[in-house]
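Subject: A structure for you to look at

Hi there,

Here is the structure I promised to pass on to you. Have a look at it first, and then read my notes below.

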Amino acid sequence: MTIQPARIRVLNDVPPREGADYVLYLMQQAMRVPFNPALELAIEEANRLRLPLLVCFGLLDGANGFPEANARHYAFLLQGLSDAAAALDARGIAFLLRRATPAEVAIDLSGQAALLVLDRGYLAIQKSWYAEIGRKAKCRIVQVEGDVVVPVETASTKHEYAARTLRPKLQRLWDEYLEPVAPRKVEHRAEDLPERLKLKGGLDLSDPDRLLAKLTLDTTVGPVKRFRGGYAEARGRLERFLKDAFAGYGAGRNKPEAGAASHMSPFLHFGHISPVEIALAIRAAQDGDRDDRSAYLEELIVRRELAMNHVFHTEGYDDYARAVPEWARKTLAEHADDARPKLYSEEELAEGKTHDHYWNVAMREMRETGYMHNQLRMYWGKKILEWSPSPEEAFARTLRLNNRYFLDGRDANSFTNVAWIFGLHDRPWQTRKIFGSVRYQSENSLKKFDAKAYERAVTRLCEAEDG
Ligand SMILES: Cc1cc2nc3c(=O)[nH]c(=O)nc-3n(C[C@H](O)[C@H](O)[C@H](O)COP(=O)(O)OP(=O)(O)OC[C@H]3O[C@@H](n4cnc5c(N)ncnc54)[C@H](O)[C@@H]3O)c2cc1C
């Protein structure tokens with residue numbers, strides 16, 4: 001199966017270097033071996049040039065750390081990298097993990113590379129690494145989009161107004177992109193790497209939890225037991241979801257207690273599983289009907305890729321003034337002086353010390369286990385807007401809490417969905433206090449599902465974290 005040309009961009013159109021030691025792949029987003037078009041393209045190129053492949057990753061910590069990442073995120077990241085390193089080794093491919101910025105690692109190793117393959121990524125920090133690499137790497141550079149179904153620029157060339165405007169564009173194209181990525185034969189194994197390249201400065205990933213302890217990180221938010229990173233974990237969860245919970249997803253996805261959620265978001269965020277692999281598994285599922293399938297693909301492809309579209313086209317996606325549409329900022333400003341019957345500090349919110357019992361339960365799930373069901377995330381965010389002194393402050397708090405506690409935080413989905421709370425991708429509704437015409441969510445939405453059963457599930461999950 002060839003890699004769709006629209007996934008590939010040549011950043012530096014020079015011929016592959018002659019007399020090079022390897023083909024280099026900076027695996028900084030698609031941190032997995034299966035369904036990884038960048039990896040397979042790198043293998044094809046290495047075979048063609050009769051070279052081994054070297055895969056690398058730049059690990060940031062301390063003052064250099066990835067923005068807003070803490071020990072919870074790093075634990076999951078390292079577990080996934082350890083899994084990927086073992087899978088690469090099994091295919092005869094060398095993996096080098098260095099404590100440096102991704103740009104430093106790639107630029108340094110590009111000196112002996114025939115060509116460099118990169119993943120794509122649309123957050124500001126990812127774009128800054130790739131821009132630096134594009135300027136300084138000393139060889140041909142090819143970038144491959146492996147973490148969306150339809151490449152962002154192919155799906156649409158503009159900032160989309162809402163899901164309804166992007167959906168038909170994606171639906172027209174997605175069959176073309178829902179193709180398996182066949183593993184290529186590795187013709188020149190890592191043993192072929194010359195002696196002088198015996199990977200100096202590499203970190204040992206055989207025990208990711210031990211490596212975690214050596215890093216300088218924000219440890220005030222710790223690892224969770226509920227989720228362990230890596231492709232094997234992601235695939236296992238997906239299979240359990242398809243067997244036990246997928247039938248009924250269409251009707252049950254709005255019921256947090258029903259278990260009708262795949263929990264794929266942390267794995268998607270870290271690139272531990274491909275959205276193409278998930279979508280193909282959904283299409284092939286034995287259980288579940290048309291409704292379940294289309295509801296899931298709506299979330300996985302339309303909603304997720306709408307978020308990519310927003311971040312791609314919005315320079316200040318983390319800034320209230322630039323991420324929230326004008327009509328929504330205007331109506332929220334008109335109601336900025338409305339009396340707020342309840343006001344909480346960010347600490348009170350983080351600790352779940354509000355008058356709203358089920359909001360506190362949801363906050364506990366997030367704080368202690370790193371996840372919350374989509375239905376409750378909407379309620380959670382709308383209440384922060386209601387209980388904060390201004391919409392600007394509410395936006396900043398929601399984003400900080402989101403990115404601090406969720407394992408899937410700091411994602412295009414995080415920035416887009418937080419902005420959705422404030423009116424992005426939505427339309428004006430009936431006007432009311434504080435919210436103006438931005439959509440409101442009342443406590444009545446808690447009556448649409450079995451909140452007590454949800455609370456029992458959260459208690460069990462949190463006890464398992466303590467045990
Ligand atoms: C205020 C708020 C904050 C959010 N923050 C994040 C975040 O930080 N990171 C994140 O990944 N998602 C976020 N979401 C979107 C959504 O809630 C999660 O993606 C979803 O709950 C993840 O759980 P799951 O994998 O079990 O979902 P499932 O229901 O099993 O859905 C499958 C996949 O579809 C995608 N998806 C589902 N719902 C949405 C959605 N509303 N928008 C975009 N993609 C979606 C996700 O990739 C998800 O993994 C947020 C939503 C809201 C309202």
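Eight residue pairs are in polar contact across the interface of domain 1 and domain 3, with both partners at pLDDT 80 or more. The count of salt bridges between domain 1 and domain 3, by contrast, is zero. Please keep in mind that this is a predicted model.

Which helix gives the most to the side of domain 1 that touches domain 3? That is helix H2 (residues 71-90), with three residues. The residues on this side of domain 1 divide into seven nonpolar, two polar and two charged.

To place these parts in the chain, domain 1 covers 1-147, domain 2 covers 231-312 and domain 3 covers 317-458. The C-alpha centres of domain 1 and domain 3 are 36 Å apart. In terms of contacts, eleven residues of domain 1 meet 16 residues of domain 3. Between them, domain 1 and domain 3 bury about 960 Å², and carbon and sulfur atoms give 51% of that area. On the domain 1 side, the residues that lose the most area to domain 3 are Glu68, Arg72 and His73, which together make up 58% of what that side buries.

Now for the ligand. It is surrounded by 24 residues, and the closest are Tyr249, Ser262, His263, Tyr371 and Ser414. Ser262 has a polar side-chain atom 2.6 Å from an oxygen atom of the ligand. From Leu300, a backbone N or O atom lies 3.4 Å from an oxygen atom of the ligand. In the side chain of Asn413, an N or O atom is 3.1 Å from a nitrogen atom of the ligand.

Enjoy exploring!

Best wishes

Technical notes: Residues numbered from 1 in each chain as written. Predicted model: local features only at pLDDT ≥ 70, side-chain atom pairs only at ≥ 80, totals over all residues. Heavy atoms only, no water. Domains from an automatic or database assignment. Contact = heavy atoms within 4.5 Å. Buried area = accessible area lost by both parts, 1.4 Å probe. Salt bridge = Lys/Arg side-chain N within 4 Å of Asp/Glu carboxyl O. Polar contact = N/O pair within 3.5 Å; in protein donor to acceptor, adjacent residues only side chain to side chain. Helix = DSSP H or I, 4+ residues; strand = E, 2+ residues; numbered from the N terminus. Nonpolar A, V, L, I, M, F, W, Y, C, P; charged D, E, K, R; others polar. Near = heavy atom within 4 Å.
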